[in-house]
Structures are given as C-alpha cells and as structure tokens.
Amino acid sequence: MRRTLRVAAYAVCVRDGRLLLARGAAGDGTGAWTLPGGGTRHGEDVLDAVVREVEEETGYRAEITALLGVDTLRRELRRGPARRRVDHHAVRVVYEGRVTGGALRHEVGGTTDLAAWHPLADVPALPRVPLVDTALRLWRDRPPTGRPAPLRPAPAEDG
C-alpha cells in the first residue's frame, strides 16, 4: 500500500465572539466549514504557509499570535483512477491568529468557495470538518503538550 504524508497549518481567528471559517468547495454547494489553512508547499515554513492560506481563502492578512498545538490523523484513502489504497498521514499544525488587514472575500478557483465569520455559539450546528472542533478545544484549553485531550462521553443519567 502506498503511504503519503501531508503537513498543513491552520488558523483559529476569533474576533468579537465570532470564528473565521472557510467552506470547502463542493460541486453541489454542500461543502463543510473548516479553518482557513492548508498544506505546506515543498520547502515552505508552516508559519508562512498558514499566513498565505488565510489570505488566499479569506482575503485577510493575519498575524500569528500563538501555537496552539498539533493534531495528527491517519486514515486509509482510495486515490487515482484505479482507486488504489493509500495509507494517508496528516500532520496539522494549529495556530491562533489575528486579522491585521485586508477585506473578507471568497477564494476563487481554490479548495474553498466561501469565507465567513460565525458566532462561536453557532459553530456546533454548522456542517464542519472535525478539525474545527479539535482546534477550538486547543484554543479554549491551551494544553501544555499542544495535544487536545480526548473527548469523554457524557455521563449516563440515572433514571
């Protein structure tokens, strides 16, 4: 089985109780919301990559204010015309960022099709990728290891 590795960087930008998100492009208009960010180019520093990606996907210039943590994901994918199995490993560096300039706009011809600010309280109801929840836990909890604590199931209610 072929193995792939992707290193990507994402920004959690919160302003006035709202989170900046970009919607992953889907041909039918039903994409899921994600953090602005994406893969690094060969030889590119991850911090430079997240600043570039935020501007590409939202139109905003951003300043990175903190490293929140690193999340990893490993899964089997099917790729190419032959749908060959791929063991894919994603390393996702999550930063906190602050918008410093630019104007909100949607990406054209990229991997996202919309950019918008969403009230933090509304995020759980949005169609979103799991990374959004992981990144918000990192942002809220600021674990010293930079690794999000596993989610615990809610306690059973006594009947």
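Residues are numbered from 1 along each chain as its sequence is written. In this predicted model local features need pLDDT of at least 70, side-chain atom pairs count only at pLDDT 80 or more, totals for chains, interfaces and linings use all residues, and side-chain values use heavy atoms, with hydrogens and water left out.

Me: Is Thr 58 buried or exposed?
Reply: Thr 58 is in helix α1, residues 46-58. Helices (H or I, at least four residues) and strands (E, at least two) are DSSP runs, numbered from the N terminus. Buried means under 20% relative accessible area, exposed over 50%, and partly exposed in between, with a 1.4 Å probe and protein chains only. Because its relative accessible area is 0%, Thr 58 is buried.

Me: Which residue has a backbone oxygen that the side chain of Thr 58 reaches?
Reply: A polar contact is a pair of N or O atoms within 3.5 Å; within protein, one must be able to donate a hydrogen and the other to accept it, and residues adjacent in sequence count only if both atoms are side-chain atoms. A polar atom of the Thr 58 side chain lies 3.2 Å from the backbone nitrogen of Tyr 60. The backbone oxygen reached by this side chain, at 2.6 Å, belongs to Val 54.

Me: Which element gives the largest share of the lining of the largest pocket?
Reply: On a 1 Å grid over the protein atoms alone, a pocket is an open set of points where a 1.4 Å probe fits, with protein on both sides within 12 Å along at least five of seven lines, and lining residues have an atom within 4 Å of a point. About 570 Å³ of space lies in the largest pocket, and 25 residues line it, with Arg 6, Tyr 10, Thr 34, Arg 92 and Val 129 the closest to its centre. The largest share of the lining, 4 residues, comes from β5.

Me: Where is Val 7, and is this residue buried or partly exposed?
Reply: Val 7 is in strand β1. Leaving aside neighbours within four places in sequence, this residue is in contact (heavy atoms within 4.5 Å) with Gly 39, Thr 40, Val 46 and Val 91. Because its relative accessibility is 29%, Val 7 counts as partly exposed.

Me: What is the phi of Asp 16?
Reply: Asp 16 is in the loop between β1 and β2. This residue is exposed because its relative accessible area is 67%. Its phi is positive, in a residue other than glycine, and is near 55°.

Me: What is the phi of Arg 142?
Reply: Arg 142 is in the segment after α2. At 39% relative accessibility, Arg 142 counts as partly exposed. Although Arg 142 is not a glycine, its phi is positive, at about 45°.

Technical notes. Grid points are joined across faces, edges and corners, and a volume is the space filled by probe spheres set on the points.
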